[in-house]
Amino acid sequence: MSINPETRPSLIRRVQAGTDAEAWDEFSAIYRPVIVRLAVAKGLQAEDAEDLAQKVLMSVAKNIKRWQQDEKRARFRTWLQRVVRNATLNALTRTPRDAAVGGTAAFEVLSELPQRDSEAFDREWRRETLHWAAQQVRDEFQPATWDAFWLTAVEGQSPEVAAARTGKSIGAVYIARTRVMQRIRAKVEELLEDES
């Protein structure tokens, strides 16, 4: 699935209002795992990454009212990615580390960090959006249908293996995978639509 999701403006507005617990839960369910995975990838321990995610979400809750959608300025995800990056760098610089001596090669690697951070953030955002959408639609399917999809599309098992494990025919496995993937795509599109 090649989807490049964007946070829908209506969700941002609902979070900005500060009174919609359901909107905040949805926002947190999508972004918390992204923040944690990025922090771990940057070198934080899992517990520290969870603490960082909490701090970032608290900062977002406090400052999101000031964020304005403006086509001339950064997208919301870009703004959030900067908040995450800055918080991660702050957490890493507070951690005692062995002193390292860097030369030109080290400088070149450091100069590439903003681009790589942005790419990593986008990749994690897409991954978490698809995970969120999958969890939202899972109960719409019979367990064997879901298992046929999961085994083939996520775990990479062959249709023959999935058929044997689910008791479905190979053709039914293909149909199950297609139906679930279509529903996940539709759920992601719902997420991207502006409700207004």
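## Overall fold

The protein chain has nine helices and zero strands, where helices (H or I, at least four residues) and strands (E, at least two) are DSSP runs, numbered from the N terminus. Read along the sequence, the pattern is α-α-α-α-α-α-α-α-α.

A word on the basis of all this: the model is predicted, so local features need pLDDT of at least 70 and side-chain atom pairs count only at pLDDT 80 or more, while totals for chains, interfaces and linings use all residues. Residues are numbered from 1 along each chain as its sequence is written, and side-chain values use heavy atoms, with hydrogens and water left out.

## Surface and contacts

Of the 196 residues in the protein chain, 36% are buried. Buried means under 20% relative accessible area, exposed means over 50%, and partly exposed lies in between (1.4 Å probe, protein chains only). The accessible surface of the chain comes to about 11,900 Å², and 49% of that belongs to carbon and sulfur atoms; these areas come from the Shrake-Rupley method with a 1.4 Å probe, and for residues only the protein chains shown count as cover.

Contact here means heavy atoms within 4.5 Å. Among contacts between residues at least 6 apart in sequence, 69% join residues at least 24 apart.

Helix H1 spans residues 9-17, and its buried residues are Pro9, Ser10, Leu11, Ile12, Val15 and Gln16. After H1 comes glycine 18, with a positive phi near 75°.

In helix H8 (residues 159-166), Pro159, Ala162, Ala163 and Thr166 are buried. They share the same side of H8 because they cover an arc of only 100° around the axis, the arc being that of the directions from the helix axis to the C-beta atoms. Ala164 and Arg165 are exposed, on the face turned away from the buried side of H8. Just after H8, glycine 167 has a positive phi of about 75°.

## Salt bridges

The structure holds two salt bridges, each a side-chain nitrogen of Lys or Arg within 4 Å of a carboxyl oxygen of Asp or Glu. One joins glutamate 50 and arginine 32 (3.2 Å, N to O). Glutamate 50 lies in helix H3 (residues 46-63) and arginine 32 in helix H2 (residues 21-41), so this pair ties together parts 18 residues apart in sequence.

Arginine 183 and glutamate 140 also meet in a salt bridge (2.7 Å, N to O). Arginine 183 lies in helix H9 (residues 170-192) and glutamate 140 in the loop between helix H6 (113-137) and helix H7 (143-154), so parts 43 residues apart in sequence are tied together. Arginine 183 is partly exposed at 22%, and glutamate 140 is partly exposed at 44% relative accessibility.
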